[in-house]
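Q: This structure is new to me. Could you take me closely through the packing of its aromatic residues, and then through the parts of the fold around them?

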Amino acid sequence: MLLSDLEVILKIAEHRNITAAAAHLDMRVATASAALKRVEKTLGAEIFIRTTRQLRLSSAGERYIPECEKALLLLEQARQNIKEDLDIVDGELRIALPSDLGRNIVTPWLDELLDHHPNMSLRTDLSDSHIDFYRDSVDMALRYGSPKDASLYGFKICDVPGLLCASPAYITRHGIPQHPHELPTHNGLFYQLYDITHDVWEFTKNKQVYKIKMSGNRASNDGDLVRRWCVEGKGLAVKSCLDVSSDISEGKLIHIMTDYQAKPSELWLICPSRQSITPAVRLLRDTLREKCKELLSRLAI
């Protein structure tokens, strides 16, 4: 019995659907169906009861699937232990990245990582949407904010200050606000996710908190586009200092109203479970921490 066939069986059991399991494993439906038939033939019993609408576990499947999960987990742990003992870093990194940070900052770091470890491969999902590890074909996600789901496992990469930014061209036309109460007279550029527009900006000075309701003529669910609008002088934006680090260094954006701290965030590398932490994931975690520390020290914010 092939281990790859057992992995397919577990994925079918998870999704209760052969098509969904095949999509998650990036294989043809016919290939997944053939794997199921081979396992059932070897066992001499049906694992699933098939109906026109869904699959459900048979009584044999209810007994077999949990034992199969335990066996594959033990084999995977043994394989990872050997890799760690031999200091082997390989395999595919399937990672979800925020659109702006991933495209402009992290991807070059990943390219450098792969250059030094030729046995590794990379697959990225660039999106600011929330990741569902059971639906999306990724093994980890780099995200702003700590994981809200207690079942997930994560590594904090760094604290991330938020910055209020404007381009030199915008400042020339509209001036620089000196106090949060002046901000509503300016055009805001907003991040929007799931129809929620983040148009209330929060600033702190000497423990005094200012929450400012902004107005503006542009909003997007793509953080990279919001940054590009800001660079083009379309308005003011509150962005992660990591996202705008290159623009500030090159003079394309200016950090304004520096006496008031925009709401900070945290950057986390999130995995679906402790068992999914491989040597490659640890290497990626350490690389991200080192690179972000260097970037933040250069910004000196």
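**Aromatic pairs and their surroundings**

A: Tyr 210 and Tyr 260 are both buried. The model in which they are found is a predicted one. Counting rings whose centres lie within 6.5 Å, there are three aromatic pairs. One of them joins Phe 190 and Trp 201 edge-to-face, with 5.9 Å from centre to centre and 70 degrees between the planes. This pair links distant parts of the chain, since Phe 190 belongs to strand 7 (residues 189-193) and Trp 201 to strand 9 (residues 200-205), 11 residues apart. Phe 190 has a relative accessible area of 5% and therefore counts as buried, the limit being under 20%. Trp 201 is likewise buried, because its relative accessibility is 6%. Tyr 210 and Tyr 260 form another edge-to-face pair, at 5.7 Å centre to centre and with 80 degrees between the planes. Here too distant parts of the chain are linked: Tyr 210 lies in strand 10 (residues 208-213), while Tyr 260 lies in the loop between strand 13 (254-255) and strand 14 (261-271), 50 residues apart.

Charged groups also meet aromatic rings. The charged end of Arg 218 sits over the ring of Trp 229, 6.0 Å from its centre, and Arg 285 lies over the face of Phe 155, 4.8 Å from the ring centre.

Strand 7, which holds Phe 190, is part of an open sheet of three strands in the order 8-7-11, with mixed pairing. Strand 8 (196-197) and strand 11 (218-220) stand at its edges; each has a single partner strand, so one side of each is left without a neighbour in the sheet. Strands 7 and 8 pair in the antiparallel sense over two bridges, and Gln 192 has Thr 197 in strand 8 as its bridge partner. Helix 7 (residues 223-231) packs on the sheet and touches strand 7 and strand 11, its direction making about 175 degrees with that of strand 7.

Strand 6, by contrast, is joined to several strands. Eight bridges connect it to strand 14 in an antiparallel arrangement, and in this pairing Cys 158 stands opposite Leu 267 of strand 14. Strand 6 also runs antiparallel to strand 12 (residues 237-240), with four bridges between them; there, Leu 163 has Lys 239 as its bridge partner.

In soluble globular proteins, nonpolar side chains tend to be buried together. The largest nonpolar core has 38 residues, of which Leu 142, Leu 267 and Leu 269 touch the most other members. Among the elements that give two or more residues to this core are strand 5 (140-144), strand 6 (153-166), helix 7, strand 14 and helix 9 (279-299). Helix 9 provides the largest share, seven residues. Apart from its neighbours within four places in sequence, Leu 142 is in contact with residues including Ile 95, Leu 101, Val 106, Ile 157, Leu 267, Leu 269 and Leu 288. A second, separate core of 20 residues includes Leu 6, Val 8, Ile 12 and Ala 21.

Lys 11 is found in helix 1 (residues 3-15). Its relative accessible area is 15%, so Lys 11 counts as buried. Not counting residues up to four places away in sequence, Lys 11 touches Ala 21, His 24 and Leu 25.

Methods: Residues numbered from 1 in each chain as written. Heavy atoms only, no water. Phe/Tyr/Trp six-rings, centres within 6.5 Å; stacked < 30°, edge-to-face > 60°. Buried < 20%, exposed > 50% of the residue type's maximum accessible area, 1.4 Å probe, protein only. Lys NZ or Arg CZ within 6 Å of the ring centre and 35° of its normal. Pairing = 2+ DSSP bridges. Contact = heavy atoms within 4.5 Å. Axes fitted to C-alpha atoms, helices over the stretch in contact; angles between N-to-C directions. Core = buried A, V, L, I, M, F, W, Y, C linked by side-chain atoms within 4.5 Å.
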